[in-house]
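Me: Could you walk me through one spot in this model with me? I'll ask as I go.
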Amino acid sequence: MSIITFTNWIATAPSWIQGLPEWLQTLCYQFWQTFIYQDRWHFFVDGLKITFIVTLGALALGIIIGIIIAVIRVSYDNSIEKKIPLVIRILNSFCKLYLTIIRGTPMMVQLLIMGFVIMVPKTDGGMIVCGIVTLGINSGAYVAEIARSGIMSVSRGQTEAGRSLGLNYFQTMRLIIIPQAVKNILPALGNEMITLLKDTSLVSVIALRDVTKQAQNIVSKTYQAYIPYISLAVIYLIIVIVLTKLLGIFERRLRKSDHR
Amino acid sequence: MITVKDLHKTFHTPDGDLQVLKGVSDHIEKGEKVVIVGPSGSGKSTFLRCMNLLETPTSGEVWFEDKLVNDKKSDIDKIRMQMGMVFQHFNLFPHKTIMQNITLAPTKLKLMSKEEASEKALQLLKRVGLVEKADAYPAQLSGGQKQRIAIVRALAMNPKVMLFDEPTSALDPEMVGEVLQVMSELAESGMTMAVVTHEMGFAREIADRVLFMHDGLILEQAPPSEFFGNPQNPRLQDFLAKVL
Ligand SMILES: Nc1ncnc2c1ncn2[C@@H]1O[C@H](COP(=O)(O)OP(=O)(O)OP(=O)(O)O)[C@@H](O)[C@H]1O
Ligand SMILES: [Mg+2]
């Protein structure tokens with residue numbers, strides 16, 4: 001029996017609660033049902049773990065995909081004046097197709113297709129991977145644009161210095177341009193992480209038990225939406241505020257190291 | 001060592017085509033020091049940058065020793081390893097220490113082990129008097145120091161020729177001397193050099209031959225005594241009257 005009625009609950013509640021106005025009693029009852037009864041706060045903690053794992057995994061994958069795409073697109077743009085190698089032309093077409101598809105379809109739809117058509121995970125681990133891959137592929141399309149502007153913000157002279165020493169195009173990119181570009185785009189990547197964190201709330205459609213899904217689970221047990229969903233919003237909000245603060249500190253540190 | 005034959009270069013810009021080199025030919029001997037002067041926009045940088053293919057010639061030939069540089073089949077990276085280049089704006093790698101700036105290319109291109117490269121770097125740093133900056137970052141150096149490091153970075157590859165594109169133009173006047181000093185010593189050591197500069201005193205001092213470029217052509221070339229003492233072309237006379 002997982003439902004204890006309000007009347008039963010209030011009878012056993014501490015006396016300070018019994019002294020409260022009735023609407024506050026109701027809130028306390030809902031809060032108790034959401035977090036304390038049967039240790040339900042565990043649902044939130046477990047959900048948050050999944051949320052963080054998927055966010056960080058997708059961010060890492062998105063950064064890798066994004067940088068690769070950015071390098072291909074910049075290579076294509078840079079070789080306009082000479083003849084463009086066939087490989088670069090083919091890769092560039094792939095990138096364009098990828099960007100068009102990913103940006104042209106809702107994330108929810110991408111999750112449904114990955115979860116129920118392409119990957120069809122059966123295990124918990126498989127579902128996490130599916131969530132990371134889908135969000136990572138999606139994020140990659142946005143990171144690509146960020147990374148492209150990051151690469152272009154590194155001065156031409158850096159490429160010329162690298163090439164004039166005999167490094168080839170990709171060595172120059174890897175050793176000289178990308179490290180500087182990444183430093184330039186770290187703040188933007190921080191914002192991408194925050195976006196991703198919020199987007200992970202969609203993974204519940206492939207039955208991944210992230211914090212949003214867990215809040216839904218609690219609602220389905222208590223039949224009361226108010227406290228679980230408001231709490232869910234507050235949880236996201238607190239994480240985003242903390243992350244934003246941390247990023248601000250980090251960004252200031254970075255800028256300081258520029259003027260040593 | 002370097003032979004340039006009938007070099008043409010046209011830039012295609014949104015405002016139309018810009019013909020910057022209009023048939024430049026020259027031959028630089030091993031050990032020769034060639035200084036290139038001329039008014040702004042005359043194509044000096046473009047000419048120099050065609051030698052190591054930072055600019056692709058529109059037509060003509062660039063030979064380095066027995067290799068055609070602007071040939072599709074030539075291994076341009078191999079050729080560039082033997083041609084050092086120094087830029088007006090230094091172009092040091094800001095995310096690397098001075099030591100890393102110098103050793104990056106020799107080690108990544110597997111020309112030297114880490115130890116060999118650091119030893120070579122220290123030796124070169126000693127030569128330019130900047131050993132104590134080995135662990136500093138470029139942002140911590142003055143302009144003159146940066147340019148001396150840029151020269152060292154190029155020399156660490158043991159190049160056969162060094163190209164300089166206005167190496168002192170971005171420097172405060174009081175720092176020009178220290179860079180020219182390093183370049184003079186390099187010239188004395190027998191390095192083959194091609195230098196674009198506005199420093200006429202330096203040209204007079206180290207050049208075997210001075211080229212005057214104007215509007216995409218070499219209009220005059222002579223040893224410095226003749227070049228400065230008895231210029232023939234009226235455009236060169238004008239130019240020298242303005243800069244001397
Ligand atoms: N990448 C480019 N695209 C278009 N135009 C260019 C490019 N590089 C150079 N030019 C133009 O070619 C002309 C010659 O340039 P170049 O840099 O060779 O001259 P310069 O003799 O080195 O002049 P300066 O003394 O000012 O350095 C200039 O008009 C310049 O604007
Ligand atoms: Mg120039």
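Me: Which backbone oxygen does the side chain of B:Lys44 reach?
Reply: In this predicted model, the side chain of B:Lys44 reaches the backbone oxygen of B:Gly38, at 3.0 Å.

Me: And where is B:Lys44 found?
Reply: B:Lys44 is found in helix H1 of chain B, which covers residues 44-51. Leaving aside residues up to four places away in sequence, B:Lys44 touches several others, including B:Ile36, B:Pro39, B:Glu166, B:His198 and B:Met213.

Me: Is B:Lys44 buried or exposed, and how far away is the nearest side chain of opposite charge?
Reply: B:Lys44 is buried and has no salt bridge. The nearest side chain of opposite charge belongs to B:Glu166, 4.5 Å away, whereas a salt bridge is counted within 4 Å.

Me: Switching to ligand 1, which residues are closest?
Reply: Ligand 1 is surrounded by 14 residues, and the closest are B:Ser40, B:Gly41, B:Lys44, B:Ser45 and B:Thr46.

Me: What about polar side-chain atoms beside the oxygen atoms of ligand 1?
Reply: B:Ser40 places a polar side-chain atom 2.6 Å from an oxygen atom of ligand 1, and B:Lys44 has one lying 2.8 Å from an oxygen atom of the ligand. For B:Glu166, an N or O atom of the side chain is 3.0 Å from an oxygen atom of ligand 1. Taken alone, ligand 1 exposes 630 Å², of which the protein buries 62%.

Me: Which element gives the largest share of the shell?
Reply: H1 of chain B does, with 3 residues, while strands E1 (2-13) and E2 (16-28) of that chain each supply at least two.

Key: Residues are numbered from 1 along each chain as its sequence is written. Chains are lettered from A and ligands numbered from 1 in the order in which they are written. This is a predicted model: local features need pLDDT of at least 70, side-chain atom pairs count only at pLDDT 80 or more; totals for chains, interfaces and linings use all residues. Side-chain values use heavy atoms; hydrogens and water are left out. Helices (H or I, at least four residues) and strands (E, at least two) are DSSP runs, numbered from the N terminus. Buried means under 20% relative accessible area, exposed over 50%, partly exposed in between (1.4 Å probe, protein chains only). Lys and Arg count as positive and Asp and Glu as negative; His and the chain ends are not counted. A polar contact is a pair of N or O atoms within 3.5 Å; within protein, one must be able to donate a hydrogen and the other to accept it, and residues adjacent in sequence count only if both atoms are side-chain atoms. Contact means heavy atoms within 4.5 Å. A residue is near a molecule or strand if one of its heavy atoms lies within 4 Å of it. Accessible areas come from the Shrake-Rupley method with a 1.4 Å probe; for residues, only the protein chains shown count as cover.
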